[in-house]
Amino acid sequence: MTPILRYGLDASLAFEPSKGMLLAQCGSPAIEPVEDIEEEVRRALREPLDYPPFSAAVTPGDRVVVTLSDEAPHAAEIVAAVVDSLVESRVDPEAITVLRSDRSPEADPCRLLPDPIRAQVVSLRHAPQEREALAYLATTQHGEAIFLHRAIVDADLVVPIGCFRGNSAAGYHGIHTPIYPTFSDRATVQRFRSTATLDARRRHRKRLAREADEVGWLLGAAFTIQVMPVRGDRVYRVLAGKFDAVRRCGMELYSELWNDHIPRRAALVLAAIEGNASQQTWDNLGRALETAVELVEPGGGLAICTELAALPNAAIGCLKMARSPEEALQHLCREEADDSLAAVQLARALEHCSVYLLSRLDDGLVEDLQMTPVDDAADLVRLANRAESFLLLGNASYAQVTVEDERDE
């Protein structure tokens, strides 16, 4: 069988198995995504985990806030199904607010609602720097004052919509991420996106995940909707129900889909980001780099296949001015820009190995960022054929891969 690495919306690379030393192929679960997202959401709401049917948990007269994670794929389809269920349960459309973050790629998550309903539902974009839009919730056991978007604090029912990721994924803080820190104040958002979260043992990330769980408990949030992703922007399953039950089921399923292992590191790793424009982001590039670099021999090569077109922000731009990745890291660890995580992940990858990037970015920009631009995807096939060993890593922003001979280190 010809090994294939898929990237972007519908692009792919095919490798001749007789050429080169293919060590393994990871990150491409052989399962079919659901075709009707809205019906899958309705099914999850009818049969929630450890929770009564959604319709029985909603009371007419409730003020409901639907909060959207930045990562949730097919947000408009999910919102349409949730709002439809709320209206069927006799919730006034004017009492429904759909809240997305300031980083959300979704321009209008209500665009699939019927016109009469869409005109009544309130659609808001969170602005963490606007204090008047925030309300005090409580203080954590460690003395952190918690501020959330006022609509969340005032709601009778909060319906978070999130997307599962591995617990080690940068920027992901567990199942409560679609509430906190996503809809908190600017200082909190920056604290959760600090480069300190990239500590090698991930202790800081674990502390932040516990804080997010505590905020969920302080808010009294009981119900959640979480998407299980498969291959880019596709959906394998939607889980709904009580937080703990959804978390347990989701973690088991994520492990089954996305955990892989390889016998040893490869001389060359070809990693891909599959999916539409919502997946082709610098955040996902950073996650792909962080996962893939651990699979490359020191001094080897790492090629990232994307359709990334968005220009980088300030922190990533630091690499243009730095004389070396080491110098960039010294500066970036003091940065608090929104893209600091991706910038550090890139700088660390450049310290470890050569990085090639297939994208829609200008070659000059890619070179300024100390990567080697790839214009023709076929060049990567030729590079793999010359490598002593190579690894194909699909959906690198989701995948979790363990190197067997390094497990106990």
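Two residues are said to be in contact when heavy atoms of one lie within 4.5 Å of heavy atoms of the other. In this predicted model, Val269 touches Ala292, Leu295, Val296, Gly301, Leu302, Ala303, Leu391 and Leu393, when residues up to four places away in sequence are not counted. Val269 also belongs to the largest nonpolar core, which has 42 residues. Within that core, Val269, Leu302 and Leu393 touch the most other members. Another core lies apart from this one and comprises 34 residues, including Ala75, Val79, Val159 and Phe223.

The packing of two helices was examined next. Two packed helices are described by the distance between their axes and by the angle between those axes. For helix H10 (residues 314-321) and helix H12 (residues 340-352), the axes come within 7 Å and cross at roughly 35°. On the side of H10, the contact is formed by Ala315, Ile316 and Leu319. H12 contributes Ser340, Ala342, Ala343, Leu346, Ala347 and Leu350. Sorted by class, the residues in the contact of H10 with H12 are eight nonpolar and one polar, with no charged residues.

Three cavities of 30 Å³ or more are present in the structure, and the largest cavity has a volume of about 50 Å³. The lining of the largest cavity consists of Ala170, Gly171, Arg193, Asp283, Arg287, Leu341, Ala342 and Gln345. At least two of the lining residues come from helix H9 (282-293), and at least two from H12. H12 gives the most to this lining, with three residues. By class, the lining of the largest cavity divides into three nonpolar, two polar and three charged residues.

Asn395 is located in the loop between strand E17 (390-393) and strand E18 (400-403). Asn395 has a relative accessible area of 3%; because this value falls under the 20% cut-off, Asn395 is classed as buried. With residues up to four places away in sequence left out, Asn395 touches Gly27, Ser28, Arg231, Gly232, Trp258, Ala272 and Glu274. Asn395 and Ala288 are 107 residues apart along the chain, and their C-alpha atoms are separated by 7.9 Å.

Terms used
Residues numbered from 1 in each chain as written. Predicted model: local features only at pLDDT ≥ 70, side-chain atom pairs only at ≥ 80, totals over all residues. Heavy atoms only, no water. Core = buried A, V, L, I, M, F, W, Y, C linked by side-chain atoms within 4.5 Å. Buried < 20%, exposed > 50% of the residue type's maximum accessible area, 1.4 Å probe, protein only. Axes fitted to C-alpha atoms, helices over the stretch in contact; angles between N-to-C directions. Helix = DSSP H or I, 4+ residues; strand = E, 2+ residues; numbered from the N terminus. Nonpolar A, V, L, I, M, F, W, Y, C, P; charged D, E, K, R; others polar. 1 Å grid on protein atoms, 1.4 Å probe; cavity = no way out; pocket = protein on both sides within 12 Å on 5 of 7 lines; lining within 4 Å. Points joined across faces, edges and corners; volume = space filled by probe spheres on them.
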